[in-house]
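Please read this briefing alongside the sequence and the coordinates shown below.

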There are 2 protein chains.
Amino acid sequence: MLRRDYPGLDCSVAKALEVIGERWSLLIVRAVMHGNRRFGEMQESLGIARNVLSARLQRLVDEDILERRAYQENPPRYEYFLTEKGLDLWPALIALLNWGDRYSPDPDGPRRLIVHKECGGRVDDRGICEACGQVLHARDAIQVPGPGADKTAVVREAV
Amino acid sequence: MLRRDYPGLDCSVAKALEVIGERWSLLIVRAVMHGNRRFGEMQESLGIARNVLSARLQRLVDEDILERRAYQENPPRYEYFLTEKGLDLWPALIALLNWGDRYSPDPDGPRRLIVHKECGGRVDDRGICEACGQVLHARDAIQVPGPGADKTAVVREAV
DNA sequence: TGGCTTGGTTGCATCAAGCAACTGATCTAC
DNA sequence: GTAGATCAGTTGCTTGATGCAACCAAGCCA
């Protein structure tokens, strides 16, 4: 992305995209939701260039979407956590995830399913549990291996 | 964006972003939902470079998100319409729009509101009508001027 | 005849992304 | 105690997508 802003557009979608519309940004948020909190974990799981990951993390912290916490000193090492603002991106991620699943399906079915933590029901594109009808939030859902998963799949937080 | 794909990521969010994650793509979808169907309308309303708009429109047509229909011959002139696949991006756009509104609010309140066409209730970040509770789709909602609107605002389709 | 409208395409300059190598600190193995 | 590994970046270089402006083509308008 040459510029990250959309000058002259007084539109809330454009405002959102100025913050999380850059290449990799939303995937980093998803990776953190998924439990990847450290630089190396994210770099490996995403295959992103290290300088770009560094720049994106800084920006996401500046925008109060991620929070950086030291887990050791000497040498200083940090983990990244989602703020409330970051967690509130969950509906958008779920909508995109379901859209991707619907229109670019895996041959054997989805590799991962997002399910309601309490009742195990599948989560639809609105973040609503198809079993119990509850409107869910980021912390109400987990990711489990789907029909198309390989054996290495592991149960994780949602998204 | 240097490359538009995310090689090695078997993730539905990444698959979605490979299609609509490029700069401008989602804003073009929004512009078409908004009623901007012609090249010039989109170019002016978005302020996007013409070559980039041309490339994005072609890609969105190739991906079956937009459909190009001739509205005259000699010289051939086209309008762009959303397919079902394109309309199904509405929940993602609504989620982003509400997130943008919540965390980068306009000083006088939102300039535009998305409301349920039938009952006039506001649409929340899940695309659910706050008044009647109905789960809405793209064609169930319209956009109306909000408290922060200037006088030139016009009632349009949603998003 | 010349200008206007519409929907692009082409050429060029700039800046972001990808890659690989390097840094700097600490921990571990031998 | 020296070499190597780990972790979290930073730096330098190359490539290529983006923004901008100019141009093109075909009809219409007066």
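**Fold and contacts of chain A**

Among contacts in chain A between residues at least 6 apart in sequence, 46% join residues at least 24 apart, two residues being in contact if their C-beta atoms, placed from the backbone, lie within 7 Å. This is a predicted model, in which local features need pLDDT of at least 70 and side-chain atom pairs count only at pLDDT 80 or more, while totals for chains, interfaces and linings use all residues. Residues are numbered from 1 along each chain as its sequence is written, and chains are lettered from A and ligands numbered from 1 in the order in which they are written.

**Overall build**

- Chain A holds six helices and five strands, where helices (H or I, at least four residues) and strands (E, at least two) are DSSP runs, numbered from the N terminus.
- Read from the N terminus, the order of these elements in chain A is α-α-α-α-β-β-α-α-β-β-β.
- The C-alpha trace of chain A spans about 45 × 40 × 30 Å along its principal axes.
- Of the 159 residues of chain A, 41% count as buried, which requires 20 or more other C-beta atoms within 10 Å of a residue's own, with C-beta atoms placed from the backbone.

**Packing of H2(A) on H3(A)**

- H2(A) packs against helix H3 (residues 39-46) of chain A at an angle of about 120°, with their axes 10 Å apart; axes are lines fitted to C-alpha atoms, for helices over the stretch in contact, and angles run from 0 to 180 degrees between N-to-C directions.
- In this contact, Leu27(A), Ile28(A) and Ala31(A) of H2(A) meet Met42(A), Ser45(A) and Leu46(A) of H3(A).
- The residues of the contact of H2(A) with H3(A) divide into five nonpolar, one polar and no charged, with Ala, Val, Leu, Ile, Met, Phe, Trp, Tyr, Cys and Pro counted as nonpolar, Asp, Glu, Lys and Arg as charged, and the others, Gly among them, as polar.

**Contact between chains A and B**

- In the interface, 40 residues of chain A are in contact with 40 residues of chain B.
- Two or more residues each are given to the side of chain A that touches chain B by helix H1 (12-20), helix H2 (25-33) and helix H6 (90-103) of chain A, and the largest share, 11 residues, comes from H6(A).
- The residues on that side of chain A divide into 23 nonpolar, six polar and 11 charged.

Terms used
A residue is buried if 20 or more other C-beta atoms lie within 10 Å of its own, exposed if 12 or fewer, and partly exposed in between; C-beta atoms are placed from the backbone.
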